[in-house]
Amino acid sequence: MIGPMYSSEAESALTAATRRSILLVSPSVASHRFSGKDDALVRVIGSNLDEADTLSSFLLQRGIAKPVLVWTRLNEAYLRPMVDRICSSYVRRNLPRPATLDYSSSLDLEFDSVVASHGNADAFVSLGTPMEAALLARAVRRSGSRALLVGCQSSVGKD
């Protein structure tokens, strides 16, 4: 079976698939919690911690000192460990912990107030859906900020 799509769904899907002897092949589950296990889940992408390390390296190599990590609780199993890992990479280097903002996905979502309250940010990191990344980018550019815009793989799409 192809799926599940979200890491937050994988645990219950894996339990049900195991009971029924069904192999799950997920194109998008990335939570490190599913790594290195002999079970019925096959992931086809790297883990979320690998992705967090890549994002941290990207930011740090560019001298980004004040990033704001903006993440949705929609897929907390995938994103919270990423946020924690990126923050710890800054702290390990004796740099200030990045600002973080978690939010609930909704149709009324706007990031203008978030951007306004982080006027000194030198990057905004979108950890959400492609549409949410677009809304964050719009808010950053409307504010006149020249901050770098970065996104995780879940925030990149054809939109």
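Buried means under 20% relative accessible area, exposed means over 50%, and partly exposed lies in between (1.4 Å probe, protein chains only). By that scale Asp53 is partly exposed, with a relative accessible area of 30%. This is a predicted model, in which local features need pLDDT of at least 70 and side-chain atom pairs count only at pLDDT 80 or more, while totals for chains, interfaces and linings use all residues. Residues are numbered from 1 along each chain as its sequence is written, and side-chain values use heavy atoms, leaving out hydrogens and water.

**Salt bridges**

- A search of the whole structure turns up four salt bridges, each a side-chain nitrogen of Lys or Arg within 4 Å of a carboxyl oxygen of Asp or Glu.
- Asp53 pairs with Arg85, and their closest N and O atoms are 2.8 Å apart. Because Arg85 sits in helix H3 and Asp53 in helix H2, this pair ties together parts that are 32 residues apart in sequence. Helices here are DSSP runs (H or I, at least four residues), strands are likewise DSSP runs (E, at least two), and both are numbered from the N terminus.
- Arg85 is partly exposed, at 29% relative accessibility.
- Another salt bridge joins the side chains of Asp102 and Arg73 (2.3 Å, N to O). Asp102 belongs to strand S4 (residues 99–103) and Arg73 to the loop between S3 and H3, so this pair links distant parts of the chain, 29 residues apart.
- Arg142 lies in helix H5 (residues 130–142) and Asp112 in helix H4 (residues 112–117), so parts 30 residues apart in sequence are tied together.
- Arg142 is exposed, with a relative accessible area of 53%, whereas Asp112 is partly exposed at 31%.

**Nonpolar cores**

- The largest nonpolar core has 19 residues, of which Leu55, Leu59, Leu69, Leu79, Met82, Leu127 and Cys152 touch the most other members. A core is a set of buried Ala, Val, Leu, Ile, Met, Phe, Trp, Tyr and Cys residues joined through side-chain atoms within 4.5 Å.
- Helix H2 (48–61), strand S3 (67–72), helix H3 (76–92) and strand S5 (123–127) each supply at least two residues of this core, and H3 gives the most, with seven residues.
- Leaving aside its neighbours within four places in sequence, Leu55 is in contact (heavy atoms within 4.5 Å) with Met82, Ile86, Leu127, Val150, Gly151 and Cys152.
- A second, separate core of 14 residues includes Val115, Phe124, Val140 and Ala147.

**The largest pocket**

- The largest pocket has a volume of about 240 Å³. A pocket is an open set of points on a 1 Å grid over the protein atoms alone, where a 1.4 Å probe fits, with protein on both sides within 12 Å along at least five of seven lines. Grid points are joined across faces, edges and corners, and the volume is the space filled by probe spheres set on the points.
- Its lining consists of 16 residues, with Met5, Tyr6, Asn75, Tyr78 and Ser154 nearest the centre; lining residues have an atom within 4 Å of a point.

**A loop residue, Leu95**

- Leu95 is found in the loop between H3 and S4 and is partly exposed, with a relative accessible area of 33%.
- Not counting residues up to four places away in sequence, Leu95 touches Leu60 and Tyr90.
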